[in-house]
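Dear colleague,

Please find below the sequence and the structure that I am handing over to you. My notes on the domains and on the contact between the chains follow.

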2 protein chains.
Amino acid sequence: MIDAGRASRPGGRTARVRSEVLAAVESELAEHGYDGLTIDAVAARSGVHRTTLYRRWKSVPGLLVDLLGAGADDAWEPADTGSLEGDLIEVNREVHAALTARPSVTQAVIAASFRTAEAAEALTRFWEDRYARTAVVVRRAVERGELAAEVDAHQLLLTATAPLYHQLVLLRQPMTRAEADHHARVAAASVR
Amino acid sequence: MIDAGRASRPGGRTARVRSEVLAAVESELAEHGYDGLTIDAVAARSGVHRTTLYRRWKSVPGLLVDLLGAGADDAWEPADTGSLEGDLIEVNREVHAALTARPSVTQAVIAASFRTAEAAEALTRFWEDRYARTAVVVRRAVERGELAAEVDAHQLLLTATAPLYHQLVLLRQPMTRAEADHHARVAAASVR
DNA sequence: TCCCTAATGCGACGGATGTTGCGTTAGGAT
DNA sequence: ATCCTAACGCAACATCCGTCGCATTAGGGA
């Protein structure tokens, strides 16, 4: 992450440049997709000089990493529907929406993660955080008496969400929301 | 795929060049990984001229696509252990081995698929083929009376294998073979 | 208000990557 | 054995990408 918000000189221009650049990244992504996302294009659209982009963000993946960080909702937590199955369905619907959005920032960042180590690490951290937060659905189920305490939350969440990522990202095939729901139900049933 | 094997002049030199190049690709991959895999390095190691590589394979992803095709075993089919669960465990162990091998050609091709459309399409075709062949484990289970005929083979295989890909490729975290087995069992149990 | 300097703008440079035109080699047909 | 030409080697060229030194601007403290 760039951490421009707490730099030694966070003043007006620096912050303005950053927001202009990130806005340009999003627009370019929307118009040309990840492949059409070049430093030069972002520079041209944002009016910020190439050199500045190289200095502050280093590369295209660096821009996406910053965008990912800017978009990260620090207050995010999974919805509480009252049942494990309901919670998992909600989680899967969020994942489904993120991966089928066009343009999908998530998809772009995944692509970037195969180019630079920094992007890969940023994405790994992001997902670690998300999966850790999502584990609360399992704790709630244990508290309700739905589950035994020994259930491995990560394995369970993997069962629920992995099919979505695999189908939509790696296999590059469509998946309906009903199918996404199905995988949530399979996961919920696997621990009963 | 390059299809050099049935080109208008498949003769000795062309075939020799191809095998030398693909061998060099594998060696470079082993030594420097995907990121260190450049056209120039392959040219230097194989003794084949840069221009020839650009003409026949176009790019690094093109080389990997060809390697993927050359490595595709046309006779492959899943092992028959006598039970759905046993078959799925065997499948998952193969996937696990392919993704944890070092170097993993599969991992390299996945990375390549995020760079060029041709690599992405080649990989999609490869997986379509593999999943279609693997569907036989479901048909066998139906014949044995283990399953109802309406079971969706693709969804079932997704439940079994997707967690491996997600954990090892996207989340970039380790997974034991025992955990891989676990996901096979969850998949088998989901249709009983 | 004035000054200091971090952040940005700017042009030139260098390296890596991919392309093109042409000469050379070798496989396969006659 | 001879010829034809696909495939390859070669070198020069074009382009893109990232870097560097220096000039300029503007934010924030004294």
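Two residues are taken to be in contact here if their C-beta atoms, placed from the backbone, lie within 7 Å. Please bear in mind throughout that this is a predicted model.

Within chain A, the division is into domain 1, covering 4–71, and domain 2, covering 75–190. Taken over C-alpha atoms, the centres of domain 1 and domain 2 of chain A are separated by 28 Å. The contact between them involves 13 residues of domain 1 of chain A and 12 residues of domain 2 of chain A.

On the side of domain 1 of chain A that touches domain 2 of chain A, helix 1 (12–32) and helix 4 (60–71) of chain A each provide at least two residues. Helix 4 of chain A gives the most to that side, with eight residues. By class, this side of domain 1 of chain A comprises nine nonpolar and four polar residues, and no charged residues.

As to the contact between the chains, 23 residues come from chain A and 23 residues from chain B. The side of chain A that touches chain B draws at least two residues from each of helix 6 (105–113), helix 7 (117–134), helix 9 (153–170) and helix 10 (177–189) of chain A. Here helix 9 of chain A gives the most, with nine residues. Sorted by class, the side of chain A that touches chain B holds 13 nonpolar, eight polar and two charged residues.

With kind regards

How values were computed
Residues are numbered from 1 along each chain as its sequence is written. Chains are lettered from A and ligands numbered from 1 in the order in which they are written. This is a predicted model: local features need pLDDT of at least 70, side-chain atom pairs count only at pLDDT 80 or more; totals for chains, interfaces and linings use all residues. Domain bounds come from an automatic or database domain assignment. Helices (H or I, at least four residues) and strands (E, at least two) are DSSP runs, numbered from the N terminus. Ala, Val, Leu, Ile, Met, Phe, Trp, Tyr, Cys and Pro count as nonpolar, Asp, Glu, Lys and Arg as charged, and the others, Gly among them, as polar.
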